[in-house]
Amino acid sequence: MEKHMAVCPYCGTGCKLNLLVEGGKVVGAEPLNGVTNEGELCLKGYFGYDFINDTKILTPRLRNPMLRRSRDAAFEAVSWDEAIDYAAKKLGEIKAKYGPDSIMTTGSSRGTGNETNYVMQKFTRAVLGTNNVDNCARVCHGPSVAGLQVTLGNGAMSNSIPEIEHTKCVLVFGYNVADSHPVIAKRIIKAKERGAKIIVCDPRKIETARLADLWLPLNNGSNMALVNAFANVLINEGLYNKEYVANYTEGFDEYKKIVDKYTPEYAAAITGLPAEDIREAMRIYAAAPSATILWGMGVTQWGQGVDVVKGLSGLALLTGNLGRPNVGVGPVRGQNNVQGSCDMGVLPTEFPGYQKVTDPEIRAKFAKAWGVESLPDQIGYRLTDVPHLAETGKLKAMYIMGEDPAQTEPDLALVRKGFEAMEFVIVQDIFMTKTAMFADLILPATSWGEHEGVFSAADRSFQRFTKAVDAKGDVKHDWEIISLLATAMGYPMHYNNTKEIWDELRELCPIFYGVTYEKMEGLGAVPWPCRDLDSPGSKYLYEGNVFQRPGGKGLLFATEWRPPKDQLTEEFPLILCTVREVGHYSCRSMTGNCAALQTLADEPGYVTINPKDAKALGIRDQELVWVSSRRGKVISRASVTDRTNKGAVYMTYQWWIGACNELTIHAVDPIAKTPEYKYAAVRVEAIADQVWAENYVQQEYAKLKGGLSNAVTRATKKAPAYA
Amino acid sequence: MNRFVTANPSKCIGCRTCEVACALAHSDGAGVEGLAPETFKPRIRMVKTANVSTAVMCHHCEDAPCVNACPNNAIVYRQHSVQVEQERCLGCKNCVLACPFGAMDVVTVPAVRQFAGMTLSLGVKAQAHKCDLCVGRDAGPACVSVCPTSALTLMDRDAMDETLRRRRERAALEAAEVAA
Ligand code: SF4
Ligand code: SF4
Ligand code: SF4
């Protein structure tokens, strides 16, 4: 048996593992003693590898480039030469006719790695000539980046994952760590064993709430009010660190003015929490010699995400919980490399290494290195703008790599209309996906396990992963495909391996310069910033309490609470909040093709509902139900549980039949443009004929699966088969 | 003393990694790709209620109700554990009803016989199905080795003594505090 070192492709914990290979096939995974996982893996890490082997449980792997010359034609397998020529010609025409800003690309925060993302943004900027490149951080931690960059100067986790277990207080806000990052959950449990106090703010009784010293089940959509009330208590009870505030922060007077109104009693009315609990939480947090705030999508996927992130960083500033070990602010990244795609500049605002596209000196540096006269100076479009831009004719072509927006974006009906309105869509992926069904050209790439590269874990650590098996079929590495396309469009681009790409980007990014492949050899993890070849990197940021802002001080920021956008009415009386579950990941193209994970959970997925709400609606546990909103209607299975708060229901977002994003609203944060996935008004209805409903689910599921797999088999009938 | 696996509810996060590991450890080497919802029968079960998440499995009792309930002596004490001799199991389900932990189940598996190099089907065979402590697995209980939060521990005499020692120490300290 061979063993090949890799980094888990699922969450941002960045667990190191060995892929076990027998006869060219991956047959197992075993944990390694990586910096962030220390010999642990979770359900997905252990049992989430068999998608590589093309199990076809959900969808087939892509084996050939596939083209359809018109939207009503079927896909046909074509050669790489033809695929690349076709793409180059089409993109060239669209660029000439409508200008470079009519084209948009995406990076991929998943298995492809940092090098590919670097090459994708380089292609977008230097070859297409636009900053229209974005990644799915837009729909998850975009607000954390936008918020923290303003208040502290850096959008990432301030401290490292291993430090979590040494902190004396963990404030978990809108973050279901057990389902999102099980191996980080262990750190929190260990912290508790070492005497740390755990405070959890979440409307649901999530696993961490069960273990918490204090659980604040706030009303859905009241985050800002609670964060302001926290600040109010810290200030008015004199719990804050006056010396720290005086020396290292600015904006206190303005800040105090706004939070003054948010007394615990005032916030109690909005949050539904007893005022005393709000006080108690801050007394615990302020008393701890070191305290860490961790948050997730429960903070960011709101129309007011950026403000709440700024507010949370304010709590850390008020108490001086920054700039040293075992403290800090932790927006814990969900997808395995969403930190990486931001690091690599697949953002409409920044080059790799967080260097602004609006800075002429930076542009000149990159233009020189890339051998082009100039680079675009206008900030590009955001991913969530796409449907609207396509419908209004501003966006004509899209090149989507390793993402499935037709499953993961809000208000899917709107997304589909957007794709249909575009003239040319390229999808580059390892699987046939719902998004690929809208493509004109599909480019098949190698999967995680079939290539090597570097990922960024949630705590800014760069780690290398290696190749375990040879790819089957006529597929290429993502970065090779992009290079071929660039060359065909008149910009010769060629790399021999990922290290060449890495070294090119290191030279261009001062904060990554010291992170060499050699340092990341084996179990090596190097957290940026790492500016020198002899530096081990930075486990925590803001050393000496110097913040990366003009003047070097942290900004205290507060603003008024805004209620969520969607309106509860008699017709739509319940709140739908979209969440995740431990066994499935993202759009499920990977986990849905893993036998173990699909065995534990399959279509149509669950809508969890409080027993009181269920009873009023005549719904019993495990029955199929309709869930509808102003935007759509889907079938799901009721899970009646006390862990779900009354008045709200929860669905995970990876199902095709129970697709909660048919229901979610396209309302976005004004700054980060992140959608309000956490609040849509819905109605849940019992279905009298359960037999019909069960059949309906099976039929629809079979139809969808069949549609995707037929598209591939029909196209490749004439092409060589790959076992 | 019989050995057994215990779960700590204050560490369990309800992730079911243990269930998959258990099913795989008893898959006759079929690997993950052999798993399917219809045949997924782990001997450990994660249970989630309003306030508790934990894993439940056989306690390998010293005076085991299942052993006592079996009319055909199919359940025996062996290798410091409670084991089922499947050839003797009738599928009568007495043990299922006797077990106070819900750790025993009766399942049916396809029964086959090898004859002259051919596999002959013999219909189905009932099996009393519960944790066998992964006897025969070199690395020990599969569930214990995968649990991401170390919520599971294998209790043998030594581990039990250690736990008892710690409990007594704590009790003594508490008593001293009360006295002070
Ligand atoms: S915790 Fe995250 S990185 Fe670690 S094994 Fe699980 S999914 Fe993979
Ligand atoms: S693997 Fe551990 S944490 Fe997960 S359900 Fe089993 S006992 Fe609980
Ligand atoms: S010890 Fe083995 S048989 Fe028993 S529950 Fe754990 S994995 Fe299953």
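# Salt bridges, strands and shells

Student: What makes the meeting of E30(A) and K3(A) a salt bridge?

Tutor: In this predicted model, their side chains meet with N and O 2.9 Å apart. A salt bridge needs a side-chain nitrogen of Lys or Arg within 4 Å of a carboxyl oxygen of Asp or Glu. K3(A) brings the nitrogen and E30(A) the oxygen, so the pair counts as a salt bridge.

Student: Why does this pair tie together parts that are apart in sequence?

Tutor: Look at the strands. E30(A) belongs to β3 (residues 25–31) of chain A and K3(A) to β1 (residues 2–7) of chain A, so the tied parts are 27 residues apart in sequence.

Student: How many salt bridges does a search of the whole structure find?

Tutor: Over all chains, the search gives 54 salt bridges.

Student: How many salt bridges are there between chain A and chain B?

Tutor: Three. One of them pairs E207(A) with K48(B).

Student: How do you know that E207(A) and K48(B) form a salt bridge?

Tutor: Their closest N and O atoms are 3.2 Å apart. The limit is 4 Å, so this pair passes too.

Student: What makes the seven-strand sheet of chain A open?

Tutor: Follow the order: β5-β4-β18-β17-β16-β6-β7, with mixed pairing. β5 (76–77) and β7 (133–134) of chain A are at the edges with a single partner strand each, so one side of each has no neighbour in the sheet.

Student: How do you know that β17 and β18 of chain A are joined?

Tutor: Pairing asks for at least two bridges. Strand β17 (residues 424–429) and strand β18 (residues 441–444) of chain A have four, so they count as paired. They run parallel. I426(A) faces L441(A) of β18(A) across the pair.

Student: What joins β2(B) to β3(B)?

Tutor: A hairpin, through four residues. Here too there are four bridges, between β2 (residues 45–48) and β3 (residues 53–56) of chain B, and these strands run antiparallel. V47(B) is opposite T54(B) in β3(B). Chain B has five helices and eight strands.

Student: Which residues surround ligand 1?

Tutor: Among them are C8(A), C11(A), C15(A), C42(A) and K44(A).

Student: Which residues come nearest to ligand 2?

Tutor: Of the 13 around ligand 2, those are C12(B), C15(B), R16(B), C18(B) and C147(B). The shell divides into nine nonpolar, three polar and one charged.

Student: Which residues are around ligand 3?

Tutor: They include C22(B), R43(B), C131(B), D132(B), C134(B) and C143(B). This shell has nine nonpolar, one polar and two charged residues. Arg and Asp belong to the charged class, so R43(B) and D132(B) count there.

Student: What makes the peptide bond from W528(A) to P529(A) cis?

Tutor: Its omega is near 0 degrees. P529(A) is in the loop between β21 (525–527) and β22 (554–555) of chain A. Another cis bond joins E603(A) and P604(A), with omega about 0 degrees.

Definitions and conventions:
Residues are numbered from 1 along each chain as its sequence is written. Chains are lettered from A and ligands numbered from 1 in the order in which they are written. This is a predicted model: local features need pLDDT of at least 70, side-chain atom pairs count only at pLDDT 80 or more; totals for chains, interfaces and linings use all residues. Side-chain values use heavy atoms; hydrogens and water are left out. A residue is near a molecule or strand if one of its heavy atoms lies within 4 Å of it. Helices (H or I, at least four residues) and strands (E, at least two) are DSSP runs, numbered from the N terminus.
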